[in-house]
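Keep the viewer open and follow along.

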Amino acid sequence: MIEVKDIYKTFGENEVLKGISAKFKAGKNNLIIGGSGSGKTTLLKCIVGLHEPTKGQVFFDEQNFTEMNFTERVPIRTEIGMLFQNSALFDSMTVEENLMFPLNLFTDKTKAEKLERANFCLERVNLVGSNKLYPAELSGGMKKRVGIARAISMQPKYLFVDEPNSGLDPKTSILIDELISDLTEEYKITTVIVTHDMNSVMGIGDHIIFLHQGKKWWEGSNKEIAHTDNAELNEFVFASKFMQAAKDKI
Ligand SMILES: Nc1ncnc2c1ncn2[C@@H]1O[C@H](COP(=O)(O)OP(=O)(O)OP(=O)(O)O)[C@@H](O)[C@H]1O
C-alpha cells in the first residue's frame with residue numbers, strides 16, 4: 001500500500017497541490033482523475049520522488065519515503081515500475097535490449113536469466129517474437145505493451161502509469177487497460193494510473209480519486225461515480241451528451 005499524507009506542492013507562487021491525503025491499495029487499479037492542470041501528474045511525480053513535496057509525506061508500505069535520502073530510497077526505487085505517456089523506449093535499442101536495460105542496471109542475473117525474464121515479460125504482454133524489432137517498427141499499442149513489459153521486468157511492487165491510453169484507438173486502449181488491470185491483480189501490484197479516459201474510469205476504476213483545484217474533491221469506485229451528487233465531478237465525468245444519456249442506464 002502507498003499512503004500520501006497532506007501533500008502540498010508549490011511552484012513559485014503557484015500552489016498546485018493543497019493538502020492531498022489518500023491510500024492506494026495493493027492489487028487495485030488506483031486512478032487519479034481531474035481536469036487539465038488539476039495536479040494529477042504533479043501528484044504522481046511527488047509520490048515517485050521526481051518532485052519533492054513542499055509539505056507532507058509519502059509512505060511505501062509504511063516506510064517514510066519522504067524522509068529518506070537518495071541512497072536510502074534505492075531499495076524502494078527498484079520496486080517501482082513506470083510507464084510514461086510516450087512509452088519512453090530507447091529508440092536505438094531493440095525491444096529485447098529495452099527490456100534488458102533495467103535488469104542490466106539493477107540485477108546481477110546472468111545474461112541467460114535476463115533473456116529468460118525478458119521473454120517471459122514479452123509473452124505476458126502478447127509480444128512473443130518481437131525481440132529484435134526497434135521501437136520505430138512498432139505501432140503505438142505495441143510500444144505501450146513493450147513499455148508495460150519493461151515496467152514489470154523487475155517484478156515491481158508498485159506501478160505508476162501516466163495516461164496509458166494517450167494516442168491509442170478505443171479498442172487498443174481497452175486492451176492496454178485490461179493488461180494493466182490483469183497484471184495488477186495477478187501480481188498484487190499497487191498500481192497508480194493518471195488518466196483522462198472515461199472508458200478506463202468505468203472499466204478498471206477500482207479506486208478513483210478526483211482532483212479539483214489542487215484538492216482531493218471526491219474518492220470512490222467506478223460503481224459509485226455514476227451516482228455521485230458531487231457537482232464538479234458530475235460536470236467532469238458527464239461532460240459529453242453521450243455520457244449524460246448513458247448515465248441513467250448505469
Ligand atoms: N515543473 C514545473 N514547474 C512549474 N510549474 C509546474 C511544473 N509542473 C507542473 N506545473 C504546474 O502545475 C500545474 C498542474 O500541472 P499537472 O501537469 O500536474 O496537471 P495535470 O492535472 O496532470 O494536467 P494535464 O491533465 O493537462 O496533464 C500546472 O499549472 C502546471 O503549469
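Four strands make up an open sheet, in the order E2-E1-E4-E5, and the pairing is antiparallel. At its edges stand strand E2 (14-24) and strand E5 (63-64), each with a single partner strand, so one side of each has no neighbour in the sheet. A word on terms: strands (E, at least two residues) and helices (H or I, at least four) are DSSP runs, numbered from the N terminus. Two strands pair if DSSP finds at least two bridges between them.

Before going further, note that this is a predicted model: local features need pLDDT of at least 70 and side-chain atom pairs count only at pLDDT 80 or more, while totals for chains, interfaces and linings use all residues. Residues are numbered from 1 along each chain as its sequence is written.

Back to the sheet. Strand E1 (residues 2-11) pairs with E2 in the antiparallel sense over 8 bridges, and Val4 sits opposite Ala22 in E2. Lying across E1, E2 and strand E4 (55-60) is helix H1 (residues 40-48), which runs at about 120° to E1. Angles run from 0 to 180 degrees between N-to-C directions, with axes as lines fitted to C-alpha atoms, for helices over the stretch in contact. Contact itself is called when the C-beta atoms of two residues, placed from the backbone, lie within 7 Å.

Now for the other sheet. This open sheet has 6 strands in the order E6-E7-E8-E3-E9-E10, with mixed pairing. Strand E6 (80-83) and strand E10 (215-220) are the edge strands, each pairing on one side only. From one strand to the next, the twist averages 20°. Within this sheet, strand E3 (residues 29-34) and strand E9 (residues 207-212) run parallel, joined by 5 bridges. Ile32 stands opposite Ile209 in E9. Helix H5 (residues 140-152) lies across E6 and strand E7 (158-162), at about 170° to E6.

Finally, look at a helix pair. The axes of helix H3 (residues 95-106) and helix H4 (residues 111-124) come within 9 Å and cross at roughly 125°. H3 and H4 are therefore oblique to each other (under 35 degrees counts as roughly parallel, over 145 as roughly antiparallel, 65 to 115 as roughly perpendicular and the rest as oblique). In their contact, Glu96, Leu99, Met100, Leu103 and Asn104 of H3 meet Lys114, Arg117, Ala118, Cys121 and Leu122 of H4.
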